[in-house]
Amino acid sequence: MDLLQIAKHVADHQKNGQEMDKISLSHPNMNVEHAYEIQKLSMDQAINNGDRLIGWKMGLTSKAKQLSVGVEEAIYGRLTSSMELTEPTLHIGNLIHPRVEPEFAFILNKELKGDQITVRDVWMATECIFPAIEVIDSRYRNFSFTLEDVVADNASSSKFILGNQAFSPYFTSWDKVGVSMARNGETVQSGVGAAVLDHPVKSIVELVKMLDREGLSVKPGMVVLAGGITEAINVYNGDVIEVHYDQLGTLKLNVEL
Ligand code: OOG
Ligand code: MG
């Protein structure tokens, strides 16, 4: 199995927004380690072409999300500068079948590494937390994949946007924050922070442990998306998405071609 060749194929589809067949169909013996290597190599390609690694995302951290895609494990992906929206408009012309989901984004001010990491370490290193919306866009036909496929495709990462207001980590109990998401004025999903591994902080702990297996770490200044609080919803041209976070305000995203 030529991991670099597969990685180039994935990177091309991510760049061009064209769907592709599952890698597991042509490479049934691909394992999770191979898949993370493909992810790394494909994102290296983007980074060599001028993109910048700015953080990490956790995915499939809630039972509901695991059930909806049929994968029973948390995964991580890489976030780059080109994925961050600075205005609340999502252009979908170059995307395949985008979905959006509410998340919390942790901003770290110290390096976090090692398999002995604790919840306490994460709080000591958290500069602030933002309510966020993640846009995922699996490169696989019908958003259908195995664990290995979705890892190789950078955990379906596409875009993300943070709110304008940063919050102190001590502002609230993040597991208690209720979230509801509306499409064109109609509430379509609701959930609570505890959907993310009982408490979103635990997602950061889990990420650091997973990264440690590859000799990687979370660097100061990095952003970490902790994982979807509700299931993701499909979005279409003209949609207006509003996500209300109890006590934290509302994030809006306009969907355009
Ligand atoms: C995988 C990415 C899931 C999350 O927050 O659970 C994710 C997918 O569902 O395509 O970003
Ligand atoms: Mg997500």
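Ala-132 is found in strand β5, where strands (E, at least two residues) and helices (H or I, at least four) are DSSP runs numbered from the N terminus. This is a predicted model, in which local features need pLDDT of at least 70 and side-chain atom pairs count only at pLDDT 80 or more, whereas totals for chains, interfaces and linings use all residues. Residues are numbered from 1 along each chain as its sequence is written, chains are lettered from A and ligands numbered from 1 in the order in which they are written, and side-chain values use heavy atoms, with hydrogens and water left out.

Ala-132 is buried, with a relative accessible area of 0%. Here buried means under 20% relative accessible area, exposed means over 50%, and partly exposed lies in between, for a 1.4 Å probe and protein chains only. Leaving aside neighbours within four places in sequence, Ala-132 is in contact with Glu-101, Pro-102, Glu-103, Ala-105, Ile-161, Leu-162, Leu-225, Tyr-245 and Leu-251; contact means heavy atoms within 4.5 Å. The C-alpha atoms of Ala-132 and Ala-226 are separated by 9.9 Å, and these residues are 94 residues apart along the chain.

## The magnesium site

The magnesium ion (ligand 2) has three protein donors named here: Glu-101 (OE), Glu-103 (OE) and Glu-134 (OE), lying 1.9 to 2.0 Å from the ion. Donors are N, O and S atoms within 2.8 Å of the metal (3.2 Å for Na, K and Ca); water is not among the atoms, so sites may look incomplete. Along the chain, the donors of the magnesium ion (ligand 2) follow the spacing E-x1-E-x30-E. Distant parts of the chain are linked in this way, since Glu-101 belongs to strand β4 (residues 99-108) and Glu-134 to strand β5 (residues 126-136), 33 residues apart.

Glu-101 is buried, with a relative accessible area of 3%. Glu-134 is also buried, with a value of 1%.

## The shell around ligand 1

Ligand 1 is surrounded by 17 residues, and the closest are Lys-57, Leu-60, Glu-101, Ser-156 and Gly-228; a residue is near a molecule if one of its heavy atoms lies within 4 Å of it. The elements β1, α4, β4 and β5 each supply at least two residues of this shell. The largest share, three residues, comes from β1.

Several side chains have an N or O atom within reach of a polar contact, defined as a pair of N or O atoms within 3.5 Å; within protein, one must be able to donate a hydrogen and the other to accept it, and residues adjacent in sequence count only if both atoms are side-chain atoms. An oxygen atom of ligand 1 is 2.7 Å from such an atom in the side chain of Ser-156. For the side chain of Glu-101 the distance is 2.8 Å, and for that of Lys-65 it is 3.4 Å. The protein covers 100% of the 320 Å² of accessible area that ligand 1 has on its own; accessible areas come from the Shrake-Rupley method with a 1.4 Å probe, and for residues only the protein chains shown count as cover.

## Strands β1 and β2

Strand β1 (residues 53-59) and strand β2 run antiparallel and are joined by six bridges; two strands pair if DSSP finds at least two bridges between them. Gly-77 in β2 is the bridge partner of Lys-57.

Six of the six residues of strand β2 (residues 75-80) are buried, so this strand is largely enclosed by the rest of the structure. In a regular strand the side chains alternate between the two faces of the sheet. Both faces of β2 are covered: Ile-75, Gly-77 and Leu-79 are buried on one side, and Tyr-76, Arg-78 and Thr-80 on the other.

## Residues in loops

Leu-60 is placed in the loop between β1 and α4 (63-69) and counts as buried at 7% relative accessibility. Its phi is near 55°, a positive value in a residue other than glycine. Asp-198 lies in the loop between β8 (186-192) and α7. Although Asp-198 is not a glycine, its phi is positive, at about 75°. Asp-198 counts as exposed at 54% relative accessibility.

Ser-217 is in the loop between α7 (200-212) and β9 (223-225) and counts as buried at 7% relative accessibility. Its side chain makes a polar contact of 2.6 Å with the side chain of Glu-111, and another polar contact, of 2.9 Å, joins the side chains of Ser-217 and Lys-219.
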